[in-house]
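Please look at the sequence and the 3D structure below. The briefing then goes through them topic by topic.

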Amino acid sequence: EPVPAFYLSQFKGEASAETVTIRNNRDRTVQITGTERKGESFTLAVETVEPGRVYAVTATASPDVTPGEYRESALVFTDDPERPKIRLDVNLLVKRDVHASVDAIDMGQVRIAPIRANPSLLDLLRQTVILESRSTDMRITKIESDLPFVTLQYEPEGPAKRVRIDVGLDPKILSAGEHSGSVRIHTSLEAVPLV
């Protein structure tokens with residue numbers, strides 16, 4: 001409970017932990033006999049809450065893990081012949097000091113004619129990116145894309161630790177074809193002037 005997975009998120013140099021509960025609802029008691037990690041970015045601990053019935057399993061991510069996304073798993077072994085092992089996914093996101101909530105924006109396949117006929121459809125395509133600073137307020141000094149039809153709006157305009165960036169399309173200059181480009185966010189931070 002609540003799901004057979006851990007979702008950990010932390011900045012580089014920090015540690016995070018999450019606990020899931022394994023609850024036995026059968027008549028027979030079940031003992032946890034061991035665990036096995038399928039990954040190196042976390043440790044696993046089991047605490048008996050109610051012997052034979054309820055166990056708390058905690059995954060703790062190491063502060064030494066380099067920034068990135070990790071998909072690992074853990075096995076919990078039991079003495080139950082029907083369910084001798086329980087698999088728990090371990091999902092870890094380690095963020096840099098300045099972190100964008102997504103690495104890529106994909107608008108998918110867009111039909112120009114319906115959008116030009118009904119511009120309110122653009123709201124369905126708009127995507128949001130959160131730019132977050134670990135400890136220092138930042139200000140966006142400039143934001144740009146090499147795709148001329150991409151629209152970029154952000155708030156707040158003043159210093160903040162979290163900035164919301166809405167990415168959309170301008171149907172007046174959107175052209176047919178496959179397009180790929182980038183969004184460059186210039187910040188007031190000396191350590192991270194460009195994302």
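Predicted model: local features only at pLDDT ≥ 70, side-chain atom pairs only at ≥ 80, totals over all residues.

Residues are numbered from 1 along each chain as its sequence is written, and side-chain values use heavy atoms, with hydrogens and water left out.

**The three-strand sheet**

- An open sheet is formed by 3 strands in the order β2-β5-β4, with antiparallel pairing. Strands (E, at least two residues) and helices (H or I, at least four residues) are DSSP runs, numbered from the N terminus; two strands pair if DSSP finds at least two bridges between them.
- Strands of a sheet pair through backbone hydrogen bonds, either parallel or antiparallel.
- Axes here are lines fitted to C-alpha atoms, for helices over the stretch in contact, and angles run from 0 to 180 degrees between N-to-C directions.
- β2 and β5 (residues 54-61) run antiparallel and are joined by 7 bridges; Ile-22 stands opposite Tyr-55 in β5.
- The antiparallel pairing of β4 with β5 spans 8 bridges, and Leu-44 stands opposite Ala-59 in β5.
- A hairpin is formed by β4 and β5, with 3 residues between them. Gly-52, in the turn, has a positive phi of about 80°.

**The four-strand sheet**

- Another open sheet has 4 strands in the order β8-β9-β12-β11, and its pairing is antiparallel.
- β8 and β11 are the edge strands, each pairing on one side only.
- Neighbouring strands in this sheet are turned against each other by 20° on average, direction ignored.
- β9 and β12 run antiparallel with 6 bridges between them, and Val-129 stands opposite Ile-165 in β12.

**The nonpolar cores**

- The largest nonpolar core has 22 residues, of which Leu-131, Ile-165 and Leu-169 touch the most other members. A nonpolar core is a set of buried Ala, Val, Leu, Ile, Met, Phe, Trp, Tyr and Cys residues joined through side-chain atoms within 4.5 Å. Buried means under 20% relative accessible area, exposed over 50%, and partly exposed in between (1.4 Å probe, protein chains only).
- At least two residues of this core come from each of β8 (98-100), α1 (112-117), α2 (122-125), β9 (127-133), β10 (140-145) and β12 (162-169). β12 gives the largest share, 4 residues.
- Apart from this core lies another, of 19 residues, including Ile-22, Phe-42, Tyr-70 and Val-76.
- Not counting residues up to four places away in sequence, Leu-169 touches Met-107, Val-110, Leu-122, Leu-125, Phe-149, Thr-151 and Leu-174. Contact means heavy atoms within 4.5 Å.

- Thr-151 is in strand β11 (residues 150-155) and counts as partly exposed, because its relative accessibility is 31%. Leaving aside neighbours within four places in sequence, Thr-151 is in contact with Asp-166, Val-167, Gly-168, Leu-169 and Asp-170.
- Asp-80 lies in the loop between β6 (68-78) and β7 (85-95). Asp-80 counts as buried because its relative accessible area is 7%. Beyond neighbours within four places in sequence, the contacts of Asp-80 are Arg-26, Arg-28 and Val-30.
- Asp-80 and Gly-158 are 78 residues apart in sequence and 58 Å apart in space, C-alpha to C-alpha.
- Ala-191 is in the segment after β13 (183-187). With 76% relative accessibility, Ala-191 counts as exposed.

**Peptide bonds and rings**

- The peptide bond from Glu-1 to Pro-2 is cis, with omega near 0°; Pro-2 is in the segment before β1 (5-11).
- Glu-155 and Pro-156 are also joined by a cis peptide bond, with omega about 0°. Pro-156 is in the loop between β11 and β12.
- Lys-95 lies over the face of Phe-11, 4.5 Å from the ring centre. A charge sits over a ring if NZ of Lys or CZ of Arg is within 6 Å of the ring centre and within 35 degrees of the ring normal.
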